[in-house]
Amino acid sequence: MLRPLRLVTATLALLSASLALTRAATAAELPTPRSHFGFTIGDDYHLATYTQTEAYFKTLTAASDRLRLVDIGKTEEGRTQWMVVCTSPANLAKLDHYRSISQRLARAEGLSETEARALAAEGRAVVWIDGGLHATETLGAHQLIETLWNFTSRTDAETLRILDQCIILFTHANPDGQELVSSWYLRRPEPAKRIVDALPRLYQKYIGHDNNRDFFMNNMSESTNMSRQLYLEWLPQIVYNHHQTAPAGAVVAGPPYRDPFNYVYDPILVTGLDSVGSAMNTRLNVEGKPGYTQRSGSVFSTWWNGGLRTTTYFHNMLGLLTETIGSPTPMEVPLVPSRQLPTSATPFPVTPQKWHYAQSIAYSLSLNYAVLDYAARQRDYLLFNTWRMGKNSIDRGSRDTWTPYPSRIDAIKAAHLRDNPAPARAAESSEETSRFVSPNDRRIPSKYYHEVMKKPELRDPRGYLVSADQPDFPTAVKFINALVKSGVAIHRATADFTVAGKEYPAGSYVVKTAQAFRPHVLDMFEPQEHPNDFAYEGAAPTKPYDSAGWTLAFEMGVKFDRILDAFDGPFTPLPYGELQSPPATTLPAATAGWLVSRSANNAFTLVNRLLAAGIAISTSAATGDFFIPASARAALEKSADLGVTARSADRTPIDAKTITPARIALWDRYGGSMPSGWTRWLLEQYGFAHTVVYPANLDAGKLRENYDVIIFPSGAIPRPNAPITDAGTEAFTVKEPSAEEMPAEYRDRLGKFTPDKTVPALRAFLEAGGTVVTVGTSANLAYHLRLPIRNALTELGKDGRERPLPGEKYYIPGSILRVSFDPTAPATRGMPAEADIYFDASLVFKLAPDAVAKGLRPLAWFPNAKPLRSGWAWGQHYLRDGIAAFEAPFDNGGKLLVFAPEITFRAQTHGTFKLLFNALYQ
Ligand SMILES: [Zn+2]
């Protein structure tokens with residue numbers, strides 16, 4: 001219901017006046033942080049635990065009329081994750097109403113511009129402010145406490161105006177992490193000896209710092225909890241995600257960010273970031289707080305999807321990230337001469353000085369106020385622009401639309417060059433030689449735009465069809481659920497139907513692009529086309545901040561059809577946020593038993609459940625199919641939820657061999673490896689029992705007595721010539737404290753992979769019949785074992801010596817590539833002959849002449865010169881015929897399985913999980 005704007009304003013003014021008095025009276029009874037925690041937030045050498053913080057949230061909420069405490073779900077360690085909603089008491093009384101306005105504007109469904117303007121005038125700006133995501137960045141959780149306290153207690157005009165105009169969602173992003181890090185810091189009685197780093201384990205149960213890499217997949221509880229608030233419940237206009245630390249010589253890195261930004265965004269999003277960034281930067285300048293750096297001043301871009309901040313862009317939300325310096329232990333701002341000269345990136349440089357935690361808290365508070373003041377002043381504008389972006393998306397998805405990609409711009413240039421072989425000289429004119437026109441600005445006739453860009457086949461899809469008839473539909477349903485958790489509108493077919501001449505069964509899913517979150521939909525189905533990012537011709541590539549390409553449908557191996565024309569059918573919309581299950585399967589009659597193909601990943605969950613129930617399972621050597629005896633009917637029926645199809649078999653396959661669960665060891669290290677944590681989570685999800693082992697366990701030898709399979713996730717095994725202290729290519733390695741100050745429970749985790757101790761132990765394990773699986777960079781083990789393979793990505797230098805290809809010629813950051821598989825190998829059972837893999841500067845091999853004689857068997861390779869599917873692959877032709885995965889035999893049936901691509905990447909790459917799973921049975 002809409003009310004005249006003037007009346008609302010008048011009512012609010014009255015409310016504000018009367019409430020200001022009440023607040024003044026009650027503020028004295030509010031528990032201050034000092035009274036609750038025993039110190040002032042920002043005091044040197046002091047940190048709060050989550051237990052204390054949670055108690056403060058509760059006490060403060062009970063005492064205040066501005067707060068509502070919302071339980072948004074459990075963490076992976078079982079704590080309650082809280083969001084504190086903060087606004088004026090008048091707004092608090094109508095919270096559901098304002099949430100509904102925010103939702104309606106963001107989704108923009110069926111709203112006219114007039115209605116949108118009225119709703120925008122009536123609504124409240126919804127601003128998300130979080131803290132604590134990366135727990136060792138302790139500023140995050142502490143600025144959250146301090147900001148909450150300020151907005152609960154202050155009665156100045158600005159605070160009251162913000163509370164009247166905005167609804168603030170103060171969200172704790174990682175409760176488990178704060179508890180771990182603060183306790184770790186405080187365990188030393190002497191303040192000067194306290195440290196936040198060198199933690200014994202990850203500050204999120206499974207994935208540590210990668211908890212900011214999970215926001216389109218939502219594998220973890222915390223991401224799922226927060227995505228629900230962001231994309232299903234509140235749909236805020238601004239999302240402010242706090243981090244630490246700034247680049248050396250700066251205090252804060254913040255918005256706006258460097259290029260490239262993603263081509264699927266609405267331009268209002270990009271300029272919206274400029275506006276809020278300007279408000280933040282300016283406020284610090286006005287308050288005399290130097291050291292804010294933006295754009296080229298830091299490495300953060302707006303290209304990638306998957307971070308707490310960045311996934312918001314694909315939902316038309318202004319996502320902010322700041323990286324601010326600070327430590328409870330006083331520190332120094334160093335002198336970095338290149339940052340001392342004011343530039344548009346850093347207009348107000350900070351000078352070298354001693355720096356206290358309280359200063360970082362004060363900066364964070366200023367920045368939060370800047371964002372909220374902006375939101376309060378621009379409230380209806382922000383709300384209306386949200387609708388405008390959503391409406392633009394719906395319109396783009398309802399008509400023929402072409403998204404500009406770098407390859408299309410290149411195609412325009414190429415078409416012109418084809419018609420004008422020597423344009424550089426011939427086209428020179430007074431206009432083009434002007435000093436205001438760079439060679440990049442050269443004009444070419446407009447017809448090339450229309451000819452090249454507007455080809456009908458280059459239109460963006462109107463929608464995507466995910467057929468229920470595909471080899472691994474249960475995994476396709478998991479893909480749909482990732483979209484559901486991200487607030488995407490989805491339809492389900494209630495009957496069989498035909499679109500573009502193809503038949504689809506009932507139960508298929510339909511994702512139309514005529515929806516507000518169209519950028520996210522395109523991003524999950526379409527290739528990302530990262531620009532060729534070089535500072536100048538011949539320069540080394542500018543690295544993307546994270547992945548260059550991640551198309552989730554490709555990573556998960558989901559089959560889908562892109563529909564370029566308007567289409568319809570017997571489709572029913574799913575309620576927002578309703579998670580889907582694969583259709584329960586019915587078991588056909590069987591005399592001997594059933595065969596289950598490995599094509600569905602859930603087949604492994606099924607088999608693991610049956611094995612755990614003591615049921616004898618065998619597998620066909622020829623096909624890899626699992627054979628389940630008829631006596632297991634009841635157990636099989638209990639697992640109908642997995643959606644795995646079982647075919648009846650009238651006899652046991654003649655080549656069937658009984659399988660048993662392998663005794664699995666999973667490598668990890670002190671501090672916790674993120675790839676290992678992701679793998680641990682994955683094994684738990686699919687029901688593979690396993691033991692986590694540390695370097696000392698491996699070095700102790702006699703591994704074959706205890707294990708059948710040892711898994712080395714990416715980052716476990718360094719390059720052969722690297723210093724042994726280099727734990728590999730994993731970005732976040734951990735210092736180890738000395739053994740004597742190590743709590744006893746963590747002492748056995750100390751130690752590192754070494755060529756002289758670990759490699760012989762692994763060789764002995766292999767030669768005693770064990771299986772070793774390496775993933776990603778741990779393919780280095782093949783070099784340590786001196787197998788007959790070589791780096792495929794080399795060239796001869798001017799000195800005639802072989803060297804790795806330089807960055808100007810070859811560079812492939814995190815991207816999706818297509819490889820061929822040997823489908824007859826037991827290790828690749830269930831894989832199609834060609835599939836997409838996640839490649840991240842991965843190792844690529846060629847065989848040495850004696851490799852085949854020694855039984856080395858390629859499992860996956862690059863069959864052609866254009867394997868790129870999504871991302872950025874500069875010089876991809878060098879990959880041709882390169883080997884991505886292979887198997888090497890050892891005595892007594894031992895084998896090494898090397899998968900150089902990231903086959904378990906962030907537990908997103910469902911399309912290649914079975915390469916690991918196949919190795920996990922005896
Ligand atoms: Zn961080």
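Over which residues does pLDDT stay under 50, and how many contacts beyond four places in sequence does the model have for them?

## Confidence

Residues 1-25 stay under 50 in pLDDT, and the model has 22 contacts beyond four places in sequence for them. Here pLDDT is the predictor's confidence in each residue, from 0 to 100, and contact means heavy atoms within 4.5 Å. Residues 724-733 also stay under 50, with 25 such contacts. Where pLDDT is low, the predicted coordinates should not be read in detail. The chain averages a pLDDT of 93, and 93% of the residues score at least 70.

This is a predicted model: local features need pLDDT of at least 70, side-chain atom pairs count only at pLDDT 80 or more, and totals for chains, interfaces and linings use all residues. Residues are numbered from 1 along each chain as its sequence is written, and side-chain values use heavy atoms, without hydrogens and water.

## Helices H3 and H9

Helices are DSSP runs (H or I, at least four residues), numbered from the N terminus. The axes of H3 (residues 50-63) and H9 (residues 175-186) come within 8 Å and cross at roughly 125°. Axes are lines fitted to C-alpha atoms over the stretch in contact, with angles from 0 to 180 degrees between N-to-C directions. Tyr50, Thr51 and Thr53 of H3 meet Pro175, Gln178 and Glu179 of H9.

## Lysine 94

Lysine 94 lies in the loop between helix H4 (89-92) and helix H5 (95-107). Its C-alpha atom is separated by 32 Å from that of aspartate 274, 180 residues apart along the chain.

Technical notes
Helices (H or I, at least four residues) and strands (E, at least two) are DSSP runs, numbered from the N terminus.
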